Amino acid sequence: MPALRIENLKKSYGNVPVLKGINLAVENGDVVAVIGRSGSGKSTMLRCINGLEPFQEGTIEVVGHKLDQSRANLRELRKEVGMVFQSYNLFPHLSVAENITLAPRVVKGLPRDEGSALVREVLSRVGLAEKADAYPDELSGGQQQRVAIARSLAMKPKVMLFDEVTSALDPELTGEVLKTIAQLAEAGMTMVLVTHEMGFARRVATRTVFMHQGTVWEEGKSEEIFTHPKTPELKNFIAPDLK
Amino acid sequence: MAYEMNFTPVLARTPELISGTIDTLILSSQSIGIGLTIGLAAALLRVDGPKWGAVVSATYVEAFRNTPLLVQLFLLFFGLPYMGIRLTANEAAIFAISLNLGAYSAEIFRAGLLAIPKTQIEAGLALGLSRLQVMRYVVIIPALRIIYPSLTGQLTLTLLGTSIASAISATELTLAGAKIESQTFRSLETFLVLAAIYITMTFVFRFLYWLVGLWLFRRRVPKTGSAAATLTLPREVES
Ligand SMILES: Nc1ncnc2c1ncn2[C@@H]1O[C@H](COP(=O)(O)OP(=O)(O)OP(=O)(O)O)[C@@H](O)[C@H]1O
Ligand SMILES: [Mg+2]
């Protein structure tokens with residue numbers, strides 16, 4: 001059974017179709033990069049997967065939780081699907097440690113005295129072990145994003161979704177976040193990441209999906225997608241200047 | 001001929017002034033407690049509730065913000081008995097003032113809730129929190145922080161507004177003062193003393209709000225230097 005299966009997913013805003021029948025399967029341990037032009041529906045698809053956006057047609061099945069128009073089981077699904085956003089979205093009034101332990105405590109009933117061990121564990125995975133007591137506004141953008149990844153990891157997700165998590169960062173801070181994600185990939189985390197970092201997608205992602213006009217236009221092994229693009233749209237997207 | 005002030009007859013009634021002050025403090029605290037609860041609930045219902053909830057909340061808020069407190073008080077005290085509900089003057093005062101504060105604070109809470117970026121709410125939901133948990137753990141504190149000055153300002157108005165309860169003879173400071181005035185004929189002195197007591201009460205309450213604010217919005221002080229150091233740059237890249 002795949003970790004994530006999307007069948008015939010259709011979504012429109014008003015009468016503007018944004019996703020026009022997406023089909024996608026992600027196996028356990030897969031790292032799938034989603035690339036495509038602005039407005040092609042990448043974020044919308046990602047947000048449908050954990051129920052942040054309702055959709056009109058199709059089904060999504062993530063780690064055994066089926067999501068359809070009824071939006072039942074949403075919380076069960078979200079417990080096992082992590083999401084990291086472009087704008088970090090750390091909670092400003094909570095310290096790093098409190099950001100990390102909030103959901104485990106409130107959603108899973110983590111005992112208070114086990115909090116600090118969890119904080120140490122996930123912070124060390126993102127290389128920020130010494131920042132537990134800092135507040136978000138005391139951290140650089142790259143550090144905030146790594147804390148956001150740690151916060152998501154603290155729920156022990158089976159699948160993680162990343163939406164352009166380095167797009168808000170200065171180039172010199174992008175590297176540290178990508179490195180963290182690459183380490184997660186090595187550790188076997190199943191991930192779907194929307195990204196504009198082509199080099200990173202090519203190196204780290206096992207598969208790459210090219211979205212165009214609300215559909216999966218082309219997909220395959222990352223190496224294939226980047227070295228032998230088939231459709232003219234993908235060719236043009238990857239190397240517009242080679243024409 | 002200059003009027004000669006004489007506070008002695010008024011100050012001779014100190015025990016009544018004290019018990020009036022205590023009654024006002026009780027009436028205010030109860031109304032503030034109940035009113036803020038109603039206000040927060042009404043705001044949540046309006047912002048995050050089902051459609052009917054938003055309608056109920058908006059109707060309540062508009063009804064109470066667009067009628068005088070005195071009329072609300074009269075309705076509860078003189079009107080409700082016709083529907084078989086008989087309240088004592090003090091009960092009617094607490095209800096009317098609470099409902100009034102509820103309506104005003106609902107609008108203030110609502111402004112705060114709406115000021116929190118949607119992305120914060122989505123981050124909470126994505127972590128598996130319920131909508132109510134998101135409100136409680138993610139939204140309320142930052143929202144309160146934004147609206148705290150207007151909220152505490154409203155609470156001061158509520159404290160002073162309790163004086164209107166004297167109109168239905170609920171026991172509180174203004175009623176005590178009115179009685180003293182009518183028996184001593186020292187109007188100027190009596191009401192000067194009342195004003196002084198009210199001003200003292202509002203200052204004490206404002207000090208308490210300040211303390212509560214310190215506690216609500218507390219943050220540990222960052223360890224010296226660590227904040228500044230991390231902002232300077234990417235030495236962490238290697239870590
Ligand atoms: N809340 C919304 N209401 C109406 N239209 C929307 C909304 N959100 C997105 N859209 C539209 O849906 C389409 C897909 O948007 P989406 O954000 O998924 O694109 P994207 O591929 O993530 O783009 P980008 O690379 O710029 O992030 C766009 O045309 C956008 O204008
Ligand atoms: Mg996007």
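Predicted model: local features only at pLDDT ≥ 70, side-chain atom pairs only at ≥ 80, totals over all residues.
Colleague: How is the packing of helix α6 of chain B and helix α7 of chain B to be described?

Modeller: Two packed helices are characterised by the angle between their axes and by the distance separating those axes. Here, α6(B), residues 118–126, and α7(B), residues 131–161, pack at an angle of about 120°, and their axes are 9 Å apart. The arrangement is therefore oblique. The crossing of α6(B) past α7(B) is right-handed.

Colleague: Which residues meet where α6(B) packs on α7(B)?

Modeller: From α6(B), Gln120(B), Ile121(B), Gly124(B) and Leu125(B) meet Arg131(B), Val134(B), Val138(B) and Val139(B) of α7(B). Sorted by class, this contact has 5 nonpolar, 2 polar and 1 charged residues.

Colleague: What span should helix α6 of chain A have, at 1.5 Å a residue?

Modeller: The 16 residues of α6(A), residues 171–186, should span 22 Å; the end C-alpha atoms are 23 Å apart, which agrees.

Colleague: Which residues of α6(A) are buried, and against what do they pack?

Modeller: Among the buried residues are Leu173(A), Val177(A), Ile181(A) and Leu184(A), and also Thr174(A) and Glu176(A). The buried residues of α6(A) pack against strands β3, β7 and β8 and helices α4, α5 and α7 of chain A. After α6(A) comes Gly188(A), with a positive phi near 95°.

Colleague: Is His212(A) buried or exposed?

Modeller: His212(A), which lies in strand β9 (residues 207–212) of chain A, has 13% relative accessibility and therefore counts as buried, the cut-off being under 20%. Leaving aside residues up to four places away in sequence, His212(A) touches Ser40(A), Trp217(A) and Glu233(A).

How values were computed
Residues numbered from 1 in each chain as written. Chains lettered and ligands numbered in written order. Heavy atoms only, no water. Axes fitted to C-alpha atoms, helices over the stretch in contact; angles between N-to-C directions. Helix = DSSP H or I, 4+ residues; strand = E, 2+ residues; numbered from the N terminus. Parallel < 35°, antiparallel > 145°, perpendicular 65-115°, else oblique. Left-handed = near helix turned anticlockwise from the far one by under 90°. Contact = heavy atoms within 4.5 Å. Nonpolar A, V, L, I, M, F, W, Y, C, P; charged D, E, K, R; others polar. Expected span 1.5 Å × (residues − 1). Buried < 20%, exposed > 50% of the residue type's maximum accessible area, 1.4 Å probe, protein only.
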